[in-house]
Amino acid sequence: MEYSPPPLFKQGAPARVKVTVFALLSIALLVVDARLHALTAVRQVAATVLYPFQMAALAPRDALANMGTYFSSISALQKEVRDLKSQQVAMAQVMQQAQLQMAENAQLRRLMDAREHLPVRSQMSEILYDARDPSTRRVVLDRGTRSGVKLGLPVIDNAGVVGQVTRVFPFTSEVTLLTDKEQAIPVQVLRNGLRSVAYGRGQSGLLDLRFVAPNADIQVGDVLVTSGLDGIYPAGLAVAKVIQVENLAQGAFGRVVCQPLAGIDRHRQLLIVMSDQPLPPRPAAEVPKANANTTSRKNLPRMEPVPPLPLPPQ
């Protein structure tokens, strides 16, 4: 029984004939295009018409490729940012160390210059740490008895007096700063030579000239230097500058506030002045007058009582 499709689905010529015809047509077109280049315009028009369809067909592929590139770029950028931040932190540390070393070198140069102008021998030292007691103004240096440090030696920097050695250990020493409440230093006004004593005010970092006469010739801006009368601080070392003068009631003592010239809270390198100059002996104490009178009385002859005179006869 033969089967034939309905009239609506009739395919016309056989498939082999169609393939043969189209193959021959394709070969003919290839030959004509290769020889005469007659189909170049047709090919360009077809490429132009089909370009949007090609882009639409390639869109999923391009989207997947771009997505992969996007995420890989984000990962690379994040890694680069982390590396740059690490380098920035390292460079910041190096820069801070370089700035610190530059400041220390500048301070050391100033100390060496001040050391050359000192009339006495001195040695360089460095602050290790502050004292444990927060109520005092003390620091610990890296020089001790092994380096020749003794009690009472003054400590200065390139600008002036910093303090005095109050405790000594074999390898370290403790320095009481000039602004400590228990510290006092004899000074004189550089302008007129007026002598006084400067006392520390503790945490405020200032100095006081106490018991100043109301008519004392002291002005704001006067520079105070060591007088050398205590035999500890060499004379002429800069101490402080007057920043405030208070005149109290008539007959009462005035008050003078001073700002230390030395970098008490700033510098780490200091000079220990090795001024081990023996003081002349004190004169012998005078004998009190009362004892002298007693001695002179002891040397006098003993006085006998005077006998009574005879009465006249009645």
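Which residues have the most contacts inside the largest nonpolar core? Select Leu 141, Val 155, Val 161, Ile 185, Leu 209, Val 239 and Cys 258, which hold that place in a core of 39 residues; a nonpolar core here is a set of buried Ala, Val, Leu, Ile, Met, Phe, Trp, Tyr and Cys residues joined through side-chain atoms within 4.5 Å. Strand E12, residues 269-273, gives the largest share of this core, with 4 residues; strands (E, at least two residues) and helices (H or I, at least four) are DSSP runs numbered from the N terminus.

The model is predicted, so that local features need pLDDT of at least 70 and side-chain atom pairs count only at pLDDT 80 or more, while totals for chains, interfaces and linings use all residues. Residues are numbered from 1 along each chain as its sequence is written, and side-chain values use heavy atoms, with hydrogens and water left out.

Next, go to Arg 137, in the loop between strand E1 (122-130) and strand E2 (138-141). Arg 137 counts as buried because its relative accessible area is 12%, where buried means under 20%, exposed over 50% and partly exposed in between (1.4 Å probe, protein chains only). Its side chain is joined to that of Thr 179 by a polar contact of 3.2 Å, that is, a pair of N or O atoms within 3.5 Å, of which, within protein, one must be able to donate a hydrogen and the other to accept it, and residues adjacent in sequence count only if both atoms are side-chain atoms. Beyond four places in sequence, the contacts of Arg 137 include Val 175, Asp 180, Gly 202 and Ile 264.

Thr 136 lies in the loop between E1 and E2, and, leaving aside neighbours within four places, is in contact with Asp 180 and Gln 203. Draw a distance from its C-alpha atom to that of Glu 182, 46 residues apart along the chain, and the separation is 8.7 Å.

Now select Thr 176 in strand E5 (residues 173-177), which is buried because its relative accessible area is 3%. The Thr 176 side chain makes polar contacts with the side chains of Thr 166, at 2.9 Å, and Arg 138, at 3.5 Å.

Finish at Val 45, in helix H2 (residues 40-117), which counts as exposed because its relative accessibility is 52%.

Conventions
Contact means heavy atoms within 4.5 Å.
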